[in-house]
Amino acid sequence: MEQYAIKGGNPLVGEVEIGGAKNAALPILAASVMTDETVYIENMPDVRDTNVLLSAMENIGVIVKRTDRHKVTLNASNISELVVEDENIKKIRASYYLIGALLGKYKHAEVALPGGCDIGCRAIDQHIKGFRALGADVKIEHGLIKTQAEHLRGSHIYMDVVSVGATINIMMAAVMAEGTTIIENSAKEPHVVDLANFLNSMGANIKGAGTDVIRIKGVSHLHGTEYAVIPDQIEAGTFMFAAAVTKGDVTVKNVIPKHLESITAKLLEIGCEVEEADDCVRVVASKPLQHTQVKTLPYPGFPTDMQPQITVALGLSKGTSIVTESIFENRFKYVDELTRMGASIKVEGNTAIIDGVSRYTGANISAPDLRAGAALVLAAMSAEGFSTVDDIRYIERGYEDFHLKLQGLGAQIELVETERDLQKFKLKIG
Ligand code: EPU
């Protein structure tokens, strides 16, 4: 029964180091199968989702060596299988990046349908549309997406919705196609750009990543590379909001402040001070938090992956705030848990109407998914009294050493596994 035990009420103060971005690391790992040469990757986050993907890659014959906790070398010259269906891979979203990567290199891939957090229906029609436009046959049979092509040929693809996953997958499938591929209405997230930079460092010819039109000229082969994953925008944003909700003073280090602009803008609007330097941001929350409105949007808009964290902060702000979730249809499941801590939030469709309260009170709550789980931990840290957060396996999918980093900022949080551990923690905090 792994859970976090938390005694709230301490302002978080100090410095925290941000790791590599999970959502950049996942496609970068998958894309490493596209060369027979060795690939060296640094700043690899040690989180469950990347580790599940690495072990699925080992199962198809990729030689994976972790040279230290955040460095990994991969060699895919002896891939033995183009069918990926181990039990764990079904649980992560990024399993589908192996389709684009294997199809791009071997013109054939069969991968278990993706899982991931239960935050909406998470269609994959745009991925399939892209693969078909490049000339692949795609069918779904026995829980697998099966793709095959004689040749992949460059194509002009218009995305009907802005999709991170589909943009990334099509980019990988197109990198070694004959001719030029143009992806219009592509996603502009930092991790899309990071994957393009990674592929270009392997010899690909991708231009325009970070804008809404990406142009890819097919190349005949990709070579090995050394690459460092960008810092995690959402981990950074989560710690920035941890400062806000606990009325703390936190310097978040090893970040790219440009990637955090929409998060910084909202923190300023609700009354926090934010100082930016080259590779860090400091958030000071010395005044009462103010209400605001926010709508999640594709980058550079406010990220859906920060929606629960800002809602937790607005739940403690003066006045009425409105949060509109425009990316996923089922991302307010945590509101029931927050209500049990004293929040006053009404959800109508994709909108949460939040009447700020002066404090939350500790409760036994469960993480419904990765980002909401992290946000509930922030709520528990700001709350009066004691909380437990269950189902932390979701949080471990995307946050490395979450509780240890919070402890480093003065939080009273511990990972407990037994009733005895829990009692010990309670005795310790008094
Ligand atoms: N969509 C379609 N058809 C498609 C693909 C997407 O209709 O073929 C829709 C989705 O249903 C959704 C919207 O488009 O409504 C955006 O989905 P997108 O494809 O951009 O999301 P994703 O690739 O499944 C990634 C991240 C998510 C993050 C979203 C949005 C990874 C592994 N996952 O998901 O991260 O919320 O982009 O930024 O990169 C997380 O890290 O906690 C997480 C959920």
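Predicted model: local features only at pLDDT ≥ 70, side-chain atom pairs only at ≥ 80, totals over all residues.

Reply: Residues are numbered from 1 along each chain as its sequence is written, and side-chain values use heavy atoms, with hydrogens and water left out.

Me: How many residues surround the ligand, and which are the closest?

Reply: A residue is near a molecule if one of its heavy atoms lies within 4 Å of it. Here 24 residues surround the ligand, and the closest are Gln126, Ser163, Val164, Asp305 and Ile327. Sorted by class, the shell holds 11 nonpolar, 6 polar and 7 charged residues. In this sorting, Ala, Val, Leu, Ile, Met, Phe, Trp, Tyr, Cys and Pro count as nonpolar, Asp, Glu, Lys and Arg as charged, and the others, Gly among them, as polar.

Me: Which elements give two or more residues to the shell around the ligand?

Reply: Helices (H or I, at least four residues) and strands (E, at least two) are DSSP runs, numbered from the N terminus. The ligand sits in the largest pocket. The elements giving two or more residues to its shell are helix H1 (22-31), helix H4 (125-133), helix H5 (164-174) and helix H11 (370-382). The largest share, 3 residues, comes from H4. A pocket is found on a 1 Å grid over the protein atoms alone, as an open set of points where a 1.4 Å probe fits, with protein on both sides within 12 Å along at least five of seven lines; a molecule sits in it if more than half of its atoms lie within 2 Å of its grid points.

Me: What is 2.7 Å from a nitrogen atom of the ligand?

Reply: A polar contact is a pair of N or O atoms within 3.5 Å; within protein, one must be able to donate a hydrogen and the other to accept it, and residues adjacent in sequence count only if both atoms are side-chain atoms. The ligand nitrogen is 2.7 Å from an N or O atom in the side chain of aspartate 125. An oxygen atom of the ligand is 2.6 Å from an N or O atom in the side chain of aspartate 305. Taken alone the ligand exposes 820 Å², of which the protein buries 90%; such areas come from the Shrake-Rupley method with a 1.4 Å probe, and for residues only the protein chains shown count as cover.

Me: Is serine 317 buried or exposed?

Reply: Buried means under 20% relative accessible area, exposed over 50%, and partly exposed in between (1.4 Å probe, protein chains only). Serine 317, in the loop between helix H9 (307-314) and strand E19 (320-324), is buried because its relative accessible area is 2%. A polar atom of its side chain lies 2.9 Å from the backbone oxygen of alanine 313. In H1, 9 of the 10 residues are buried, including Lys22 and Leu26.

Me: Which bond joins tyrosine 299 and proline 300?

Reply: Most residues other than glycine have a negative phi, and most peptide bonds are trans. Tyrosine 299 and proline 300 are joined by a cis peptide bond, with omega about 10 degrees. Proline 300 is in the loop between strand E18 (293-295) and H9. Histidine 142, although not a glycine, has a positive phi of about 50 degrees, and at 76% relative accessibility histidine 142 counts as exposed.

Definitions and conventions
1 Å grid on protein atoms, 1.4 Å probe; cavity = no way out; pocket = protein on both sides within 12 Å on 5 of 7 lines; lining within 4 Å.
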